[in-house]
Each structure stands twice: as structure tokens, then as C-alpha cells.
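Good morning, everyone. Please bring up the model on your screens, and keep the sequence beside it.

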Amino acid sequence: EYTRWVNVWAEVRGWLLKVAPIVTPSHSVNVIGMQYTDIFLWKADPSTLLLSEVLSAQSTYLPSHVFQTSSLWHSHHGFFEKQQTEPIAHDLLENINVNMLDSSGQRSLQIVSSHRATLTNPIWDIGHLATALDQLMPHLHNRNKRVLRNLLTPAVQAKIKLQP
């Protein structure tokens, strides 16, 4: 359920900033990122799974072949995108890995998405790190939601409260 991110992020931010004095100023922070793992279980006979009820056939992140197979599969890819200014200058690497797995005779669909921002200007102090985290983490979280909206059907998006 994607409505909990704000609370989780507040706690994670606090821990990151407690650890930061150990890292800075002797080392710079060059990368800020996040990774999500989402797992959807099909709690019925695997032969009854209609993938098009879970994953969008219009997804730009999946090959169309996955909708024609009833066997296990994986689709792994990533891409770079240069972010000149918004929210701060960085090169973004996004990896989108989708796996159809067997979990003790049940099908599970695993989506692992990672968003890695390599900063154009390294960060050397905690004040700048806090600002960068406050700018980048909501940006990366929103990018993740966009990826999932592209992958999942509207019905599944509604079920996990991912609607805009």
C-alpha cells in the first residue's frame, strides 16, 4: 500500500542523517538511491493465472511475449537518464526487473525497481546532504510509482492504492 511512504521515509531520513557524520566530511556522498521489491501472489492454480489481469499489456517495460507464456520468466533491463537540474543535477539509472516465479507451487510476480542518482556535484557536508535527500527521495519515489503504474493494470493499481 503506497500511502505509507511518507511515514517510512521520515524514519529512514532520520537514520540516514544520524549515520552521515560518520561518512562526511572525510568522504563525499556521490550516489543517492532507493530500491523497491513488490511481490504479488497468485493464490490459485497457476494454470488459471491471467497475466493481463495483473500486468498491463500496454506496458513499455515488458516484452509482449510474457503475456503468451504460462511458464516462468524474467525481464530485466535498465536505462540511464540525465537530469540536468530537477530536482538537483544527477545521472539517473533505473533498473526494472520483473520475475514470474514459482513459490511452493504458487505463482508469484516479483517486481524489483531501483532508482540510482549519481550526483553531478558530490556532497561533503550534512546540511547539503539533508537538502539533497529532501529533494531527491520524493523524486525517486514518484519515479517508482510511475514505473509501477506503467506495469500494473488499473485494477491492481486501485487495489494497492497506487492511483494518482
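Which residues have the most contacts inside the largest nonpolar core? They are L55, W73, V98, L109, L151 and L152, in a core of 21 residues. A nonpolar core is a set of buried Ala, Val, Leu, Ile, Met, Phe, Trp, Tyr and Cys residues joined through side-chain atoms within 4.5 Å. Buried means under 20% relative accessible area, exposed over 50%, partly exposed in between, with a 1.4 Å probe and protein chains only. Strands β3 (90–103) and β4 (106–123) and helix α2 (126–151) each give this core two or more residues. Helices (H or I, at least four residues) and strands (E, at least two) are DSSP runs, numbered from the N terminus.

A quick word on the source. This is a predicted model: local features need pLDDT of at least 70, side-chain atom pairs count only at pLDDT 80 or more, and totals for chains, interfaces and linings use all residues. Residues are numbered from 1 along each chain as its sequence is written, and side-chain values use heavy atoms, leaving out hydrogens and water.

A second, separate one has 19 residues, including V29, A117, M137 and L140.

Next, the rings. There is one aromatic pair. Y61 and F79 are stacked, 6.2 Å centre to centre, with 10 degrees between the planes. Rings of Phe, Tyr and Trp (its six-membered ring) pair if their centres lie within 6.5 Å; planes under 30 degrees apart count as stacked, over 60 as edge-to-face and the rest as tilted. Y61 sits in the loop between β1 (29–42) and β2 (73–83), F79 in strand β2, 18 residues apart. Y61 is buried, at 14% relative accessible area. F79 is partly exposed, at 24%.
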